[in-house]
Amino acid sequence: MALARNLLAQPWIWSFLGALLVWLAAVTFTGGYGAGGMITAALSLAVFTVIVGVGQMFVITLGPGNVDLSLPANIGLASAVAMKVMDGSDIRIALGLAAALACGMAIGAANYLLIWALRIPPIIATLSASFIIQSIDISYGRGLQIKPPPGFANFTNLQIHNVPVLAIITALFAVGASVALRSMIYGRSVSAIGQNSRAAWLAGIPVEKIRFFTYTLSGTLGGLNGALLAGYFRGANVDIGNEYLLASIAVVVIGGTSVAGGKANVPGIWGAALFLVLLLTMLNTFGVSAGIRLVLTGLIIVGVITAAGGPKVLR
Amino acid sequence: MNSVSAHRIVRLPVLGSTNFRRLLRTMLPAISLALILIAIAWLNPRAISYFGFNLMLNLAIPIALATLAQMFVITGNELDLSIGTFVGFVGCVTATWLREAPLFGAIVLVGSVGVYAGLGALIHLRNIPSIVVTLGMSFVWQGLAILLLPKPGGSAPDWLLTLMALKPPIVPLPIVLAVIIAIVAQVGLMNSSYGAVLRGSGGNPVAIERAGWSRLRIKVTLFTLAGIFGVLSGMALIGITTSADANIGNGYTLLSIAGVILGGGEFVGGRVSPIGAVIGALTLALAASPLLTFMHIPPDWQVGANGAILIVVLAARSLISRRES
């Protein structure tokens, strides 16, 4: 009983409960058919949202106004860069991955540079940056139809006993991010800055350095995501990252991270990502039209956030 | 020696005073708009005419209205990520129901403003982040728009077409409308006593509450205003494009945020400027295509040029404000 109460007090539990609920609804509808397949599919798709979600979480935790809106453009450009550098050959996989990571890292660093040097609110800085990145991507990726190397495409689709390998690696990555957030100087600094950046600065935390690192981290994860998506969907595409603008923010907040900053939660990102993917699966099994699917998705997101409620005001 | 004295002159009262910088900062949105107009006039003098402005600023009115809707939400320290799809939804209602069954269409539009008011109440009562609620609502509006108009089509009511095609003497319609909208919003929010309370709720909500104002009522008012301006934006848009499409407003979410900030608004603290927001929207509308077309920038780079213009204007503003402080 105490354990249950303790569990319910965790901010991330709601997203997992939500995921379980929509899965049960979908399975009930199909009469148990495809129950395992749904989980496998959900795991493979949730991975991509989790990767960018973790980056977005660290950014949002920096405090009000901090958000990375350049992720979709970043993912699009990195997917094109990865495919171009890999050039369909297995021996160049590592090179292509490194190029995509470097591309994302450069975008993250540029975002921070805009925020810091021009004192622009992060929302506008990353938004303006994303316009420019989008243009670069359109002109760089024009007519680009390079397939990923077979080895890379197979790796991103690889499963062991119906568990996607990428999901296992991403789960380990999430554990790492959780440790970084809870026990490492970096994670504690991010939370401290989010709670009160002036107090953090007075306490001797290198605020600007941490912010720089956080935006660069988010950019790098976006780049990684771009390469993996291009492998999974067998090809790069300007629009490949579009859905991750809303998805990356949604999973962070549904997962129990405070939008006001200073309070982050990694497990919730996994729960929320699974919830969003399974929600889509459920609505698809119900066979509803695109319009109704969107309306229900929206209403359920609003419903979940209303039920979970906001942070209790302490002051 | 010379350089030193020159330096001193710049720092002398008239040019270097805080008041001057504050004025400069207030004027910055107007200055950016003027610069863009000058650039257009230089690149294509024929564009600066009654007909030219009519064409170039055609889409500025719906953008300005959506920007003001976003501004009201930002006044209360919230953000509306659904305004774009809401404008699209209103557009679809305008092009279908409002034409075929005007009364029913009007009821739906009033009801959608009611939904906005309800969102304001929900956000306040449950103390939940507006970003997520409006994110969810953006799916809802988009879904409803697709249900209503699965394929692009419909057509605007005749009275709306006539209204948006008016040709007033001397000054083109978009400019007339922009001035009216800006003045109405400016007087309502900046010069009325309840307007001050609304802005105060963004600056110091606790103080406003202790002074006896209901924060619930304030939030509902701000979201209702956002809903009303969103409806006007969607209707104006359809009056210009004559037919609708479920995705017609999607770009407006980010444009409206950029417009508020370009116009001198800030995300927190209730520091907004209605006139600035309208000017910011006009700047974005002009910079978006006419200027870039005249500069022969290839289509691939037009979005990027837009981003660059945003960055330049904001850089100029931060340069001025940093000196100010």
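**Chat about a two-chain model**

Author: This is a predicted model. In it, 11 of the 11 residues of α15(B) are buried, so α15(B) is largely enclosed by the rest of the structure.

Reader: Which residues of α15(B) are buried?

Author: They are Y252(B), T253(B), L254(B), L255(B), S256(B), I257(B), A258(B), G259(B), V260(B), I261(B) and L262(B).

Reader: And what follows α15(B)?

Author: G264(B), with a positive phi near 95 degrees.

Reader: Switching to the interface. How many residues of chain B are in contact with chain A?

Author: 38 residues of chain B, and they meet 41 residues of chain A. On the chain B side, at least two residues each come from α8 (102–126), α9 (130–148), α15 (252–262) and α18 (302–324).

Reader: Which of those supplies the largest share?

Author: α9(B), with 14 residues.

Reader: What is that side made of, by class?

Author: On the side of chain B that touches chain A there are 26 nonpolar, 9 polar and 3 charged residues.

Reader: OK, the core. Which residues touch the most other members of the largest nonpolar core?

Author: That core has 205 residues, and the ones touching the most other members are A82(A), A250(A), L278(A), A64(B), L68(B), V278(B) and L282(B). Helix α3 of chain A, residues 35–61, gives the largest share of this core, 16 residues.

Reader: Take A250(A). What is A250(A) in contact with, leaving aside neighbours within four places in sequence?

Author: In chain A, the partners of A250(A) are A272(A), L276(A) and I301(A). In chain B, they are V132(B) and L135(B).

Reader: Now chain A as a whole. How many helices and strands?

Author: Chain A has 14 helices and 2 strands. Of its 315 residues, 55% count as buried.

Reader: What does the radius of gyration of chain A agree with?

Author: With a compact globule: 315 residues would give one near 20 Å, and chain A has 20 Å. Along the principal axes, the C-alpha atoms of chain A fill a box of roughly 60 × 55 × 35 Å.

Reader: Last one, helix packing. At what angle do α7(A) and α11(A) cross?

Author: Roughly 95 degrees, with the axes of α7 (residues 150–157) and α11 (residues 207–232) of chain A coming within 8 Å. Angles of 65 to 115 degrees count as roughly perpendicular, and α7(A) and α11(A) are therefore roughly perpendicular to each other.

Reader: Which residues make the contact?

Author: α7(A) uses F152(A), A153(A), F155(A), T156(A) and N157(A), while α11(A) uses L228(A), G231(A) and Y232(A). By class, this contact has 5 nonpolar, 3 polar and no charged residues.

Terms used. Residues numbered from 1 in each chain as written. Chains lettered and ligands numbered in written order. Predicted model: local features only at pLDDT ≥ 70, side-chain atom pairs only at ≥ 80, totals over all residues. Helix = DSSP H or I, 4+ residues; strand = E, 2+ residues; numbered from the N terminus. Rg over C-alpha atoms; globule rule 2.2 N^0.38 Å. Buried ≥ 20, exposed ≤ 12 C-beta atoms within 10 Å, placed from the backbone. Contact = placed C-beta atoms within 7 Å. Nonpolar A, V, L, I, M, F, W, Y, C, P; charged D, E, K, R; others polar. Core = buried A, V, L, I, M, F, W, Y, C linked by C-beta atoms within 7 Å. Axes fitted to C-alpha atoms, helices over the stretch in contact; angles between N-to-C directions. Parallel < 35°, antiparallel > 145°, perpendicular 65-115°, else oblique.
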